[in-house]
Amino acid sequence: MTRPILCALFVVLALVGCKPAPGGASIDGMVTLDGQPVANGLIHFEPAGESGVNASRRIADGHYNFPPKAMMQPGLYKVSIQSIPPESGLDPDAIMNGAPVPAFKDPIPAKYRTNSDLVAEVSAEGPNTFNFELKTGR
C-alpha cells in the first residue's frame, strides 16, 4: 500500500517541479568617471513605473552589486550615482542607513546625481550588468 502512495507522490513532485527561491533579479556593473573607477560611492535604482522597489548599494573600486535578496524586480529604473571621496570621511553604508550627510564637493556632475537621465531595464532572465561611464565635461 505504501509503494503506490510513494510512486504517486514521486509523479506529482516530478510534474510540479521545484520553484526557484524567492527573491529578485541580480544586478551588477561598473561605474567610471572620466574613465577612472569611482572609488567610493552610492548607486540608487528607483522604479520608473508603478512596480519595483527603491534600492541603493555601495560602489567600491568602481563595482556595485545588488544580490537577489535586494528584491529588485524586473522593470525600468531611473539610476542616480553619488561619489563619496575618501577624504570626506563619510561612510556610504551609514549614509544608506540614514546618517546625516554634511556638505562636500562631489566630483560627479549633478546631471548624474539629481534629475538623472540614466536608466536601466532590469529583466527577470538577466544578465543585468549595467556599466555607467560618466563624464565631467572637461
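Modeller: Let's start in the middle: the largest nonpolar core has 24 residues, and Ile43, Phe45, Tyr64, Ile81 and Phe132 touch the most other members. This is a predicted model, where local features need pLDDT of at least 70, side-chain atom pairs count only at pLDDT 80 or more, and totals for chains, interfaces and linings use all residues. Residues are numbered from 1 along each chain as its sequence is written, and side-chain values use heavy atoms, leaving out hydrogens and water.

Biologist: What makes a set of residues a nonpolar core?

Modeller: The members must be buried Ala, Val, Leu, Ile, Met, Phe, Trp, Tyr or Cys, joined through side-chain atoms within 4.5 Å. Nonpolar side chains tend to be buried together in soluble globular proteins.

Biologist: Why is Tyr64 called buried?

Modeller: Buried means under 20% relative accessible area, exposed means over 50%, and partly exposed is in between (1.4 Å probe, protein chains only). Tyrosine 64 has 3%, so it counts as buried.

Biologist: Why is the pair of tyrosine 64 and phenylalanine 66 called edge-to-face?

Modeller: Rings of Phe, Tyr and Trp (its six-membered ring) pair if their centres lie within 6.5 Å; planes under 30 degrees apart are stacked, over 60 edge-to-face, and the rest tilted. These two sit 6.1 Å centre to centre with 80° between the planes, so edge-to-face it is.

Biologist: How do you know that arginine 113 and aspartate 106 form a salt bridge?

Modeller: The rule wants a side-chain nitrogen of Lys or Arg within 4 Å of a carboxyl oxygen of Asp or Glu. Their closest N and O atoms are 3.8 Å apart, so the pair passes. By this rule the count comes to one salt bridge.

Biologist: Are those two partners buried or exposed?

Modeller: A bit of each story: arginine 113 has 32% relative accessible area, so it is partly exposed, while aspartate 106, at 9%, counts as buried.

Biologist: What makes β1 and β5 partners?

Modeller: Two strands pair if DSSP finds at least two bridges between them. Four bridges join β1 to β5, so they qualify, and they run antiparallel. Glycine 29 stands opposite tyrosine 64 in β5.

Key:
Helices (H or I, at least four residues) and strands (E, at least two) are DSSP runs, numbered from the N terminus.
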